Amino acid sequence: MWKAIIGIISALVGTPVLVVAVAHLWAKLTPFDPKGGRYQKSRKVHPILTLLCELDAFCERFFRFRLFSIDQKGLLRKALKLKYDQELFGTSRSVNSTRDEDFLELLQVAMEDFQNSKEISLTGRYLINQSLNSLLTTREKIINYALEHREEVLKSEITRPIIITGIGRAGSTLLQNLLSQDPVARGCKHWEVVWFGSPVPPATKEQVDSVPPKHRKFAQVVKAYDQLKSYCPEFVKEFEKSHPIQPLQYDEELPVLQQALLLQLWIPLAGPKYFELFHRIEGKETAYLYLKRWLQIMQTAYKPESHWVLKAPIHMVFLPVLMKIFPDANVIFCHRKMDVLAPSGVSFFESFNASFLKDGYDRYAFAQRIFKHGGYMRDHMMEFRKTFERPEQFYDVQYNDVVADPVSVVKKIYAQFNLPYTQTFEDRMNKWLEDNKQGKHGRHEYSLEMYNLTKEEVLTEFKEYTQTYLEKNEIAENRKHDADDRFMF
């Protein structure tokens, strides 16, 4: 009897161990041919996650099932429980709708595309699932707070925000950090906008300015990043080379729009359905109203004396919606020579998404998705600017000027928008520049050749954009600035 029991226990324990061992051996013995750099290895993750990824790939390859799938039904149930108010968040497709139908469509299409992807690893599916769950949790807290404080939120006016945008990798992050040094302005800190933790009740000025910030969300964000570093040790290290993600750093409001399911950070992981839906301008007004309500909630506790400083390349896609929701916004467009910007942008997205992908992902196909995304950004921006009737609210800056003399660029911006410029503001900008010299987190290296792109291909595709918005000194940009640009997105 005891022998039978021991035999059963041994089988129960030994069989899974044997399967894991076989899967690991299969992964190690499977030939990997990068074919000149086209196919790439995923970023390293925790050893246990590595074994699970190998087992998942093995089961998918030979038995057609996965160890972990995105919880589409559970996430949809959670989304359907979210409250919806047309006064606060706008009219969706139907005047009498009790749900944000545009938001729900984005969620369902995104989940389906991510789940059906053959490129996303077990780690990627797990991280996406966790992130979507966190996004929905944070969205629920924001919606409930807005409903409970409706009158106070709606009375909290946002006046003449400065909004920085551009195709990306052209100086927008540097400008945002400098413009946020104005004592009468307010920028968004990374710990405030990211979807980890609870953003409400909103932080006061004293809580934001204290070091470390005395708001519970800051500690929650730090804990979440510590966990992420243990799961994916190379993720933060590699991403930091192209873009700062320090909790205390000023950062863009894209994570807030991600709570409205505008998932730009994951656009190269999406399939064709979500890619097309994302770039459709129609149906995005409720997303931008969500951003506005988020800002109004934040400033019920800490309102800038003058204006907000916002920044996100995603606004290039949705300029008509942006200017409808923020009609008095002053918008800065950052421009850079496209044959340098293109590989830098692709590298940025790759550094963020490589930990989500399986070994052997196609770097060239990845680059083409980002290249196409950049084309949408260009087309939507240029089309809108042809007919916009208040051009004095727009200002174009060149990458070379931002790199050579950023403080002078800020002075010109303030003159354009008729904003008071003070010596205190300038002193704070110079101190920030001294404290944040580039290269602290490693060099951001990239090239057209890495992504099978050619200079002629890029410049031909963006010929009209180049002729319209890039000045002669920008077209003759010196390559010396290009390898170290983590504040340039």
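This is a predicted model: local features need pLDDT of at least 70, side-chain atom pairs count only at pLDDT 80 or more; totals for chains, interfaces and linings use all residues.

1. Helix H6 has 27 residues and spans 39 Å from its first C-alpha to its last, close to the 39 Å expected at 1.5 Å a residue (the expected span being 1.5 Å times one less than the number of residues). Helices (H or I, at least four residues) and strands (E, at least two) are DSSP runs, numbered from the N terminus.

2. Residues are numbered from 1 along each chain as its sequence is written, and side-chain values use heavy atoms, with hydrogens and water left out.

3. Serine 355 sits in the loop between helix H17 (338–353) and strand E6 (361–362). Its relative accessibility is 1%, so serine 355 counts as buried (under 20% relative accessible area, with exposed over 50% and partly exposed in between; 1.4 Å probe, protein chains only). Beyond neighbours within four places in sequence, its contacts (heavy atoms within 4.5 Å) include Ser121 and Thr123.

4. The open sheet has 5 strands in the order E3-E4-E2-E5-E7, with parallel pairing (two strands pair if DSSP finds at least two bridges between them). Strands E3 (185–187) and E7 (394–398) stand at the edges with a single partner strand each, so one side of each has no neighbour in the sheet. From one strand to the next, the twist averages 25 degrees (axes are lines fitted to C-alpha atoms, for helices over the stretch in contact, and angles run from 0 to 180 degrees between N-to-C directions).

5. Within the sheet, E2 (residues 162–166) and E5 (residues 330–335) pair in the parallel sense over 5 bridges, and isoleucine 163 stands opposite valine 331 in E5. Helix H15 (residues 285–299) packs on the sheet, touching E3 and E4 (307–311), and its direction makes about 135 degrees with that of E4. Helix H20 (residues 406–416) also packs on the sheet, touching E2, E4, E5 and E7, at about 165 degrees to the direction of E7.

6. Which residues does leucine 310 contact, leaving aside neighbours within four places in sequence? They are Ile162, Ile163, Ile164, Cys188, Glu253 and Leu295. Leucine 310 lies in strand E4, and counts as buried because its relative accessibility is 1%.
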